[in-house]
Amino acid sequence: MKDTKLLTSSIDDIKMAADIIKLGGTVIFPTETVYGLGANALDADAVNQIFVAKGRPSDNPLIVHIDSFDKIDKYVIRITDNAKQLAEAYWPGPMTLVLEKKDIIPNITSAGLNTVGIRVPSNEIARGLIEFSGVPIAAPSANISGSPSPTTVSHVIKDMYGKVDAIIAGNDCDVGVESTVIDVTGNIPIILRPGGITPEMIKKVCKEVIIDKGVDGITDDSKPKSPGMKYKHYSPNCEIILIEYNKKEDIEDKIIQKATEQEDKKTVILATLQTEDKYIGFNTICMGDRNKPETIAHSLFDVFRKCDESGYEVAIMEGIEEIGIGIAIMNRARRAAR
Ligand code: TXA
Ligand code: MG
């Protein structure tokens, strides 16, 4: 067990956390997407501690966080036009760009791939930590491997207290789902994981965009383009049953039918502001507003965790329309429901 320091977001505390990073330790910090579990990306021993703390498979690469686009050429061989255009438009922000890596990035960080995912976060605490550390920070989501990503400091404490050197407490994460991971090594950007930066936004700057067929994890490919695709992910212990959205019909009847089928299992319906009142006699948790999918993204992982905290065995989740951040929400939901 480690003696985990609980830090605030004061400048002094962020500097203390930066010292821990410099000395090869691990620090959990908030970002605009989810909390990250960070270590010096250039120090193989430090990075190894991340894999140990999370119980993460060693073939799943980490995202490297830097504080400005100007520094990217220290870590990647070639900055493609796509990368440049996307970085100018959406960094700092919830977007990770995958490019060919330089040798300075140890193999453990990139899990043996010849590429590395780089992100410039917008959260001020994350930015301060990177700046004061003076090194790039490798950071996956700060959850135990396979479980929902943490979006509040209480999620982090529950999963990681005693496993890391320090935790910086910040506000709840804004976006609530992880960054969009985009392979920009070629002529057309390829989305490897949908997130806060949507395909529509990418198209505005790059004209074309491909969503990789493996994103929802439903592929027989044992060597997917992004190793994370092949792992069961984001799921609480409670079984998630997802009812897909269909423009042409109301979702409520299908949800009630599925919930009724559960008989003696302790069941909850993951509803929305628009439908919550319609499930009379059933347990419900409201995920957010259908007309503002960003509210659902913001609370999704917290809702998944609440299912476990309340001891539910089954959660019947309403699907939502796959536009904008709805694509990322449905991606996480499908992967949790597998
Ligand atoms: O929003 C985020 O991205 C958060 C915060 C902390 O920045 N981080 C995060 O990291 O979600 P993680 O490790 O939980 O997810 C990273 C995903 C994994 O699915 C991994 O396989 C993929 O990105 N990935 C990382 N490097 C890659 C690479 N070089 N090529 C393809 N996929 C990569
Ligand atoms: Mg993760």
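**The ligand and its surroundings**

Strand E4 (63-65), strand E6 (115-119) and strand E10 (190-193) each contribute at least two residues to the shell around ligand 1; helices (H or I, at least four residues) and strands (E, at least two) are DSSP runs, numbered from the N terminus. This is a predicted model, in which local features need pLDDT of at least 70 and side-chain atom pairs count only at pLDDT 80 or more, whereas totals for chains, interfaces and linings use all residues. Residues are numbered from 1 along each chain as its sequence is written, chains are lettered from A and ligands numbered from 1 in the order in which they are written, and side-chain values use heavy atoms, with hydrogens and water left out.

**Shell around ligand 1**

- Ligand 1 is surrounded by 26 residues, and the closest are Thr33, Arg56, Asn60, His65 and Ser179; a residue is near a molecule or strand if one of its heavy atoms lies within 4 Å of it.
- E6 provides the largest share of this shell, with four residues.
- The shell is made up of 11 nonpolar, 10 polar and five charged residues. Here Ala, Val, Leu, Ile, Met, Phe, Trp, Tyr, Cys and Pro count as nonpolar, Asp, Glu, Lys and Arg as charged, and the others, Gly among them, as polar.

- Asparagine 60 has a side-chain N or O atom 2.6 Å from an oxygen atom of ligand 1.
- For arginine 56, a polar side-chain atom lies 2.8 Å from an oxygen atom of the ligand.
- Serine 226 has a polar side-chain atom 2.8 Å from a nitrogen atom of ligand 1.
- Taken alone, ligand 1 exposes 680 Å², of which the protein buries 98%; accessible areas come from the Shrake-Rupley method with a 1.4 Å probe, and for residues only the protein chains shown count as cover.

**Buried residues**

- Aspartate 67 is found in the loop between E4 and helix H3 (81-90). It counts as buried because its relative accessible area is 10%, where buried means under 20%, exposed over 50% and partly exposed in between (1.4 Å probe, protein chains only).
- The side chains of aspartate 67 and lysine 71 are joined by a polar contact of 2.8 Å. Such a contact is a pair of N or O atoms within 3.5 Å; within protein, one must be able to donate a hydrogen and the other to accept it, and residues adjacent in sequence count only if both atoms are side-chain atoms.
- Valine 181 belongs to strand E9 (residues 180-183) and is buried, with a relative accessible area of 11%.
- Valine 181 and valine 98 are 83 residues apart in sequence, and their C-alpha atoms are 7.2 Å apart in space.

**Backbone features in loops**

- The peptide bond from tryptophan 91 to proline 92 is cis, with omega near -5°. Proline 92 is located in the loop between H3 and strand E5 (95-100).
- Alanine 111, in the loop between helix H4 (107-110) and E6, has a phi near 50°, a positive value in a residue other than glycine.
- Lysine 207 has a phi near 70°, also a positive value in a residue other than glycine. Lysine 207 lies in the loop between helix H7 (199-206) and strand E11 (210-211) and is exposed, with a relative accessible area of 73%.

**A residue of helix H8**

- Lysine 254 lies in helix H8 (residues 252-261) and counts as partly exposed, at 34% relative accessibility.
- Lysine 254 and glutamate 318 are 64 residues apart along the chain, and their C-alpha atoms are separated by 9.4 Å.
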